[in-house]
Amino acid sequence: MARENPKLGNLDKMLGVELRIAQILADRLFASCRKLEMAPGHYTVLSLIKLNPGINQSMLAQSMYLDRSSMVPILDQLEKTGWIERQRSPNDRRSHALYLTDAGNAALENADREVQALEASIAKEMGHDNRASLLALIKQFQTALLTLQISDPNRETINDNKH
């Protein structure tokens, strides 16, 4: 007997749902690449540190729209792997400046080649113009979400209720 798909109602017409599914699929594709030695989020963190040597944890979290406390375990793992180092910030002794180590630079360079190949494959599969259009639309969607969040500062988010 053939397996039936569940009823979706309007779920397949909701931007957030479809973007989340796309994110899950993209993460799976990233993870399936055997030459990559890191998770997608680690790639983003390492890239941002490389582009912004000395960035602090708060600024890094803010640039990724993450809660600052959720950045700590990621940085701990990257430090344990030997890919980043924390140094006391010369401007604020309570904060740490983040830098890539030589091993972190090497891992990121390897990952960059693989990620560029994956991006090229995706562009080829969906068409370069469609990829560019989708990227522009996603950025518009992000702007709309941020505008809605800013216009109603009393709007609760899931992170606001975490304890």
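Some housekeeping before we start. Residues count from 1 along each chain as its sequence is written, and side-chain values use heavy atoms, with hydrogens and water left out. Since the model is predicted, local features need pLDDT of at least 70 and side-chain atom pairs count only at pLDDT 80 or more, while totals for chains, interfaces and linings use all residues.

Okay, the overall layout. The protein has six helices and three strands, where helices (H or I, at least four residues) and strands (E, at least two) are DSSP runs, numbered from the N terminus. Reading from the N terminus, the order is α-α-β-α-α-β-β-α-α. If you box up the C-alpha atoms along the principal axes, you get roughly 60 × 45 × 35 Å. Of the 163 residues, 20% are buried; buried is under 20% relative accessible area, exposed is over 50%, and partly exposed is in between, using a 1.4 Å probe and protein chains only.

Now the helix pairs. H2 (residues 40–51) packs on H4 (residues 68–81) at about 80°, and their axes are 11 Å apart. Those axes are lines fitted to C-alpha atoms, over the stretch in contact for helices, and angles run from 0 to 180 degrees between N-to-C directions. That makes H2 roughly perpendicular to H4; for reference, under 35 degrees is roughly parallel, over 145 roughly antiparallel, 65 to 115 roughly perpendicular, and the rest oblique.

Who touches whom there? From H2, it's His-42, Val-45, Leu-46 and Ile-49, and they meet Met-71, Ile-74, Leu-75, Gln-77 and Leu-78 of H4. Contact here means heavy atoms within 4.5 Å. By class, that's seven nonpolar, two polar and no charged residues. The classes go like this: Ala, Val, Leu, Ile, Met, Phe, Trp, Tyr, Cys and Pro are nonpolar, Asp, Glu, Lys and Arg are charged, and the others, Gly among them, are polar.

Over to H5 and H6 (residues 128–151): their axes come within 6 Å and cross at roughly 110°, so this pair is roughly perpendicular. Glu-119, Ala-123, Lys-124 and Met-126 of H5 meet His-128, Asn-130, Arg-131 and Leu-134 of H6. This contact has three nonpolar, two polar and three charged residues.

Next, the second largest pocket, which holds about 160 Å³ of space. Its lining is Asn-56, Gln-57, Ser-58, Arg-68, Arg-86, Asp-92, Arg-94, Ser-95, His-96 and Leu-98. Helix H3 (57–63) and strand E3 (96–100) are the elements giving two or more residues to that lining. By class, the lining has one nonpolar, five polar and four charged residues.

One of those lining residues is Ser-95, sitting in the loop between E2 (84–88) and E3. Buried or exposed? Ser-95 is buried, because its relative accessibility is 15%. Beyond its neighbours within four places in sequence, Ser-95 contacts Asn-56, Gln-87, Arg-88 and Ser-89.

Thr-101 is in the loop between E3 and H5 (102–126), and Thr-101 is buried too, at 17%. With neighbours within four places set aside, Thr-101 contacts Gly-82, Trp-83, Ile-84 and Glu-85.

Last one: Tyr-65, in the loop between H3 and H4. Tyr-65 counts as exposed because its relative accessibility is 62%. Take a look at its backbone, too: phi of Tyr-65 is near 60°, a positive value in a non-glycine residue. Most residues other than glycine have a negative phi.

Methods:
On a 1 Å grid over the protein atoms alone, a cavity is a set of points where a 1.4 Å probe fits but cannot get out, and a pocket is an open set with protein on both sides within 12 Å along at least five of seven lines; lining residues have an atom within 4 Å of a point. Grid points are joined across faces, edges and corners, and a volume is the space filled by probe spheres set on the points.
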